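Subject: Structure handover

Dear colleague,

Here is the structure we spoke about, with the sequence. My notes follow below it.

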Amino acid sequence: MIINVNKISDKGYSLNDTIDIDNAQLLEEGSFFLEELDFQVRLKRQDRRIQAQGSIQTAISLVCVRCLEQFELKIHSRFDIILFPKEMIETRSTALGEEELEYIFFENDQIDLEKILVEQVNLFVPFKPVCKADCKGICPGCGANLNRGACPCDQAKNEIKFLFEKVKR
Ligand SMILES: [Zn+2]
Ligand SMILES: [Zn+2]
């Protein structure tokens with residue numbers, strides 16, 4: 001989805017659409033889209049820069065780092081970013097600070113909107129995602145999902161404890 005910068009007037013340019021994004025665009029391993037992506041975006045000129053304000057809605061499937069089960073993450077996020085023409089970054093790069101280098105640029109007067117939207121999705125995904133805050137994870141002994149109850153190892157441990165206590169007496 002390419003938008004030509006010349007289409008954007010001083011009053012701005014609005015877009016409201018639903019797109020299907022390739023799962024390969026998701027950075028998190030094992031994740032995939034459960035829904036198409038709905039978005040609203042308003043592009044406005046600021047001299048040679050473009051301001052992009054909007055929101056995205058979708059849902060993706062993630063793998064919990066603790067129990068290794070898949071779970072759904074609803075994404076509803078707003079963004080307000082500045083897009084710079086690439087030429088501007090190249091000529092000014094030496095004068096820019098570290099954090100300023102993390103902006104999005106566009107080339108040849110063309111804005112790749114899908115790339116921007118995908119980046120917003122990836123930013124929303126938490127580092128080390130968990131299915132729920134109190135996920136109990138898997139048993140290191142047998143690999144059972146402890147959210148579904150105690151595993152045989154737990155029983156075995158209790159039996160050993162019981163025998164041990166018997167010996168003590
Ligand atoms: Zn989990
Ligand atoms: Zn176990």
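A nonpolar core here is a set of buried Ala, Val, Leu, Ile, Met, Phe, Trp, Tyr and Cys residues joined through C-beta atoms within 7 Å. Please keep in mind that this is a predicted model. The largest such core has 15 residues, and the members that touch the most others are Ala52, Ile111, Leu113 and Leu117. Two or more residues of this core come from each of β4 (37-46), β5 (49-63) and α2 (113-124).

Overall fold and confidence

The chain contains eight strands and three helices. Their order along the sequence is β-β-β-β-β-β-α-β-β-α-α. Of the 169 residues, 14% are buried. When contacts between residues at least 6 apart in sequence are taken, 54% of them join residues at least 24 apart.

The average pLDDT of the chain is 88, and 82% of the residues score at least 70.

Strand pairing around β5

β5 pairs with β3, β4 and β6, as follows. Its pairing with β3 is antiparallel and has two bridges; here Phe32 has Ser61 of β5 as its bridge partner. With β4, β5 forms nine bridges, again in the antiparallel sense, and Arg42 is placed opposite Gln53 of β5. Strand β6 (residues 70-85) is joined to β5 by 14 bridges, and these two strands also run antiparallel. In that pair, Leu62 faces Phe71 of β6.

Two hairpins and their turns

Most residues other than glycine have a negative phi. Which residues in the two hairpins have a positive one? In the hairpin of β4 and β5, where two residues lie between the strands, that residue is Asp47, with phi near 60°. Asp47 is exposed, because its count of C-beta neighbours inside 10 Å is 7, and the cut-off for exposed is 12 or fewer.

The hairpin of β5 and β6 has six residues between its strands, and Leu68 in the turn has a positive phi of about 65°. Leu68 is not a glycine either. Leu68 counts as partly exposed, because 13 other C-beta atoms lie within 10 Å.

Helix α2

α2 is made of twelve residues. From its first C-alpha to its last the helix spans 17 Å, close to the 16 Å expected at 1.5 Å a residue. Its buried residues are Leu113, Ile116, Leu117, Gln120 and Val121. They line one face of the helix, because they fall within an arc of 140° when seen down the axis of α2. As a general point, an α-helix has 3.6 residues a turn, so residues three or four places apart point the same way.

What covers these buried residues? The cover includes β1 (2-4), β4, β5, β6, β7 (104-106) and β8 (110-112). Two of the α2 residues, Leu113 and Leu117, are both buried and among the core members that touch the most others.

Regards

Conventions
Residues are numbered from 1 along each chain as its sequence is written. Chains are lettered from A and ligands numbered from 1 in the order in which they are written. This is a predicted model: local features need pLDDT of at least 70, side-chain atom pairs count only at pLDDT 80 or more; totals for chains, interfaces and linings use all residues. A residue is buried if 20 or more other C-beta atoms lie within 10 Å of its own, exposed if 12 or fewer, and partly exposed in between; C-beta atoms are placed from the backbone. Helices (H or I, at least four residues) and strands (E, at least two) are DSSP runs, numbered from the N terminus. Two residues are in contact if their C-beta atoms, placed from the backbone, lie within 7 Å. pLDDT is the predictor's confidence in each residue, from 0 to 100. Two strands pair if DSSP finds at least two bridges between them. The expected span of a helix is 1.5 Å times one less than its number of residues. The arc is that of the directions from the helix axis to the C-beta atoms.
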